[in-house]
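I opened this entry to keep track of what I looked up. The notes go from the whole chain to single residues.

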Amino acid sequence: MCSDARSSSLKDGLYKPTFAGFVDIDLSSKKLSLRSLIDHSVIESFGGGGKTCITSRVYPTKAVFGDAHLHVFNNGTESITVEYLSAWSMRSARVN
């Protein structure tokens, strides 16, 4: 699993690293769980039910709020099929 921030902002001079997390997962079921939580400039991605985690910072200038996008990509040598992809927005915090 990797996080590639190179396309995360149009601003020059920002630190835009690529991170990778490796984990031994049984793929005999041919299914892999991936979950990403995005909160403004922080992205946390969890693979294999939380067996690996990558936290990244991004600084978007145009892809914010309704214009934000999440891309799923495969840099591997075998084809994959994304059978289920779901996204939702969190509600604002409530004060009791």
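**Whole chain**

I began with burial: of the 96 residues in the protein chain, 16% are buried. I note here that the model is a predicted one. I then looked up the extent of the chain, and its C-alpha atoms fill a box of roughly 40 × 40 × 20 Å along the principal axes.

Next I checked the secondary structure, which comes to five strands and zero helices. Read along the sequence, the pattern is β-β-β-β-β. I also looked at contacts with a separation of 6 or more, and 40% of them join residues 24 or more positions apart.

**The sheet**

In what order do the three strands of the open sheet lie? I wrote down S3-S4-S5, with antiparallel pairing. S3 and S5 (52–57) stand at the edges with a single partner strand each, so one side of each has no neighbour in the sheet. On average, neighbouring strands here are turned by 15° against each other, with direction ignored.

I took the S3 and S4 pair next. S3 covers residues 34–39, and six bridges join S3 to S4 in the antiparallel sense. One bridge I looked up pairs aspartate 39 with valine 42 in S4. The hairpin of S3 and S4 has two residues between the strands, and histidine 40 takes a positive phi near 55° in this hairpin.

Then I moved to S4 (residues 42–47) and S5, which pair antiparallel over six bridges. Glycine 47 has threonine 52 in S5 as its bridge partner. Phenylalanine 46 stands opposite cysteine 53 in S5. The hairpin of S4 and S5 has four residues between the strands, and glycine 48 there takes a positive phi near 60°.

**Two faces of S4**

Which side chains of S4 point to the buried face? I listed Ile43, Ser45 and Gly47, which point to one face and are buried.

I looked up leucine 34, which is found in strand S3. Is leucine 34 buried or exposed? Its relative accessible area is 53%, and exposed means over 50%, so leucine 34 counts as exposed. I also found Leu34 in a nonpolar surface patch of about 370 Å², made together with Met1, Leu27 and Leu32.

**Lysine 62**

My last entry is on lysine 62, which lies in the segment after S5. Lysine 62 has 63% relative accessibility and therefore counts as exposed. Which residues does lysine 62 touch, leaving out those up to four places away in sequence? I noted Leu10 and Asp67. I also looked up a distance to tyrosine 15, which is 47 residues from lysine 62 along the chain. The C-alpha atoms of lysine 62 and tyrosine 15 are separated by 18 Å.

Key. Residues numbered from 1 in each chain as written. Predicted model: local features only at pLDDT ≥ 70, side-chain atom pairs only at ≥ 80, totals over all residues. Heavy atoms only, no water. Patch = residues over 30% accessible without salt bridge, like charges linked within 9 Å, V, L, I, M, F, W, Y side chains within 5 Å. Areas by Shrake-Rupley, 256 points an atom, 1.4 Å probe, with all protein chains shown as cover. Salt bridge = Lys/Arg side-chain N within 4 Å of Asp/Glu carboxyl O. Buried < 20%, exposed > 50% of the residue type's maximum accessible area, 1.4 Å probe, protein only. Pairing = 2+ DSSP bridges. Axes fitted to C-alpha atoms, helices over the stretch in contact; angles between N-to-C directions. Contact = heavy atoms within 4.5 Å.
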